[in-house]
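Me: Please examine the following structure with me. I shall ask about its overall form and then about particular side chains.

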Amino acid sequence: MVLGQLVRLSTSTGLYEHALGTAPRTEHGMCVDDVARALVVTARIAEPDHEVAALTRTYLSFVRAAQRPGGLVHNRRSPDGTWLDTPSTGDHWGRALWALGTAAVHLPHGPLADDARAGASDATDARSSYPRATAYAALGAVQLLRADPSDEGARRLLQDARDTLGRPLTDARWPWPEPRLTYANAVLPEAMLAVAHLLGDDDLLADGLLLLQWLVSEQTVDGRLSVVPAGGRGPDDLRPGFDQQPIEVSALAEAGATALRVTGEARWAVLVERCVAWFEGANDSGVPVRDAATGGGFDGLERDGVNQNQGAESTLAWLACAQLSSTAVVAP
């Protein structure tokens with residue numbers, strides 16, 4: 001992976017959210033949403049060099065600093081280090097738990113892994129009314145239990161998530177448990193698969209596979225991805241829609257990698273490769289949505305090209321897809 005744009009957006013204390021072209025827009029500050037995504041990516045790098053190790057330490061410190069008693073988490077921080085919001089359990093809480101659990105599993109045994117595990121355990125005390133926040137948190141709790149099978153807080157969170165994650169509707173045309181597809185949709189069935197696999201819940205596993213396969217079919221045209229636009233998509237919306245977001249593609253790739261791990265079925269490796277191909281130009285506009293030179297991801301796919309800005313969310317979406325592609329192989 002080329003990490004130039006990620007490094008350009010990063011500082012010794014965090015990661016800038018937005019960019020103008022490749023230049024960080026420092027006035028918009030930083031957020032846990034993006035720093036957590038960055039921690040997931042850098043923690044999963046198997047043999048990090050000194051630069052990657054330094055980034056991981058920075059991202060872990062940022063997420064830990066955002067945590068408050070009861071599992072609540074701040075999201076937005078100014079460049080001077082001031083937290084700008086009230087700690088809560090929005091999506092950033094779920095992503096923080098996902099990142100901390102991932103770091104607890106993938107970082108070498110030692111102080112950083114121990115700190116990540118402690119932070120993930122603390123975060124399991126909270127609960128969220130938001131489905132995607134709960135889904136991300138469930139993914140983190142699954143990772144935490146891989147690192148520490150005795151963590152009862154993580155197990156309780158998974159039991160609660162199993163009861164609250166949406167199940168397929170009976171309408172075969174639109175089984176999705178929401179009236180519209182919105183953003184990062186694939187995290188919902190991915191969480192169902194991960195929870196089902198850990199808890200041995202065959203019914204939940206079947207539901208997660210059904211929803212993920214439907215979601216992939218709903219966003220595939222002529223063998224390529226045609227994902228929902230920023231405004232979402234309902235059953236009767238015209239397609240393709242534009243301002244397609246890289247986060248939707250990376251969520252599909254993450255879900256595909258989880259489905260591959262759970263089932264061993266080759267079709268899920270194909271999904272991961274299709275996500276990479278979307279970034280490389282196999283999309284509705286036929287243009288790359290990543291910058292090969294910088295390693296950045298462009299901020300949206302438009303009808304006549306791309307949004308040229310290379311912000312943190314889009315850059316990390318591309319890096320995650322490239323990373324997952326290198327490991328998405330079918331078990332013998």
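Reply: Buried means under 20% relative accessible area, exposed over 50%, and partly exposed in between, with a 1.4 Å probe and protein chains only. The model is predicted: local features need pLDDT of at least 70, side-chain atom pairs count only at pLDDT 80 or more, and totals for chains, interfaces and linings use all residues. Residues are numbered from 1 along each chain as its sequence is written, and side-chain values use heavy atoms, with hydrogens and water left out.

Me: What percentage of the 332 residues of the protein chain count as buried?
Reply: The C-alpha atoms fill a box of roughly 50 × 45 × 40 Å along the principal axes. Of the 332 residues in the protein chain, the buried share is 56%.

Me: What radius of gyration does the protein chain have?
Reply: The radius is taken over C-alpha atoms, and the globule rule is 2.2 Å times the number of residues to the power 0.38. For 332 residues, a compact globule would therefore have a value near 20 Å. The protein chain agrees with this, having a radius of gyration of 18 Å.

Me: Among contacts between residues at least 6 apart in sequence, what percentage join residues at least 24 apart?
Reply: Contact means heavy atoms within 4.5 Å. Among the contacts in the protein chain that meet the separation of at least 6, the share joining residues at least 24 apart is 64%.

Me: How many salt bridges does the count come to?
Reply: The protein chain carries 28 positive and 42 negative side chains, where Lys and Arg count as positive, Asp and Glu as negative, and His and the chain ends are not counted. A salt bridge is a side-chain nitrogen of Lys or Arg within 4 Å of a carboxyl oxygen of Asp or Glu. By this rule the count comes to 18.

Me: With which residue does Arg162 form a salt bridge?
Reply: The closest N and O atoms of the pair are 3.4 Å apart, and the partner of Arg162 is Asp201. This pair links distant parts of the chain, 39 residues apart: Arg162 is in helix α7 (residues 152-164), Asp201 in the loop between α8 (187-199) and α9 (202-218); helices (H or I, at least four residues) and strands (E, at least two) are DSSP runs, numbered from the N terminus.

Me: Which parts of the chain does the salt bridge between Glu218 and Arg239 tie together?
Reply: The closest N and O atoms of Glu218 and Arg239 are 2.7 Å apart. The two residues are 21 apart in sequence, so the pair ties helix α9, which holds Glu218, to the site of Arg239, the loop between β6 (224-225) and α10 (246-263).

Me: With which residues is Thr124 in contact, leaving aside neighbours within four places in sequence?
Reply: Thr124 lies in the loop between α5 (111-123) and α6 (131-147). At 2% relative accessibility, Thr124 counts as buried. With those neighbours set aside, the contacts of Thr124 are Leu97, Leu144, Asp151, Gly153, Ala154 and Leu157.

How values were computed:
The place of a charge is taken as NZ of Lys, CZ of Arg, CG of Asp or CD of Glu.
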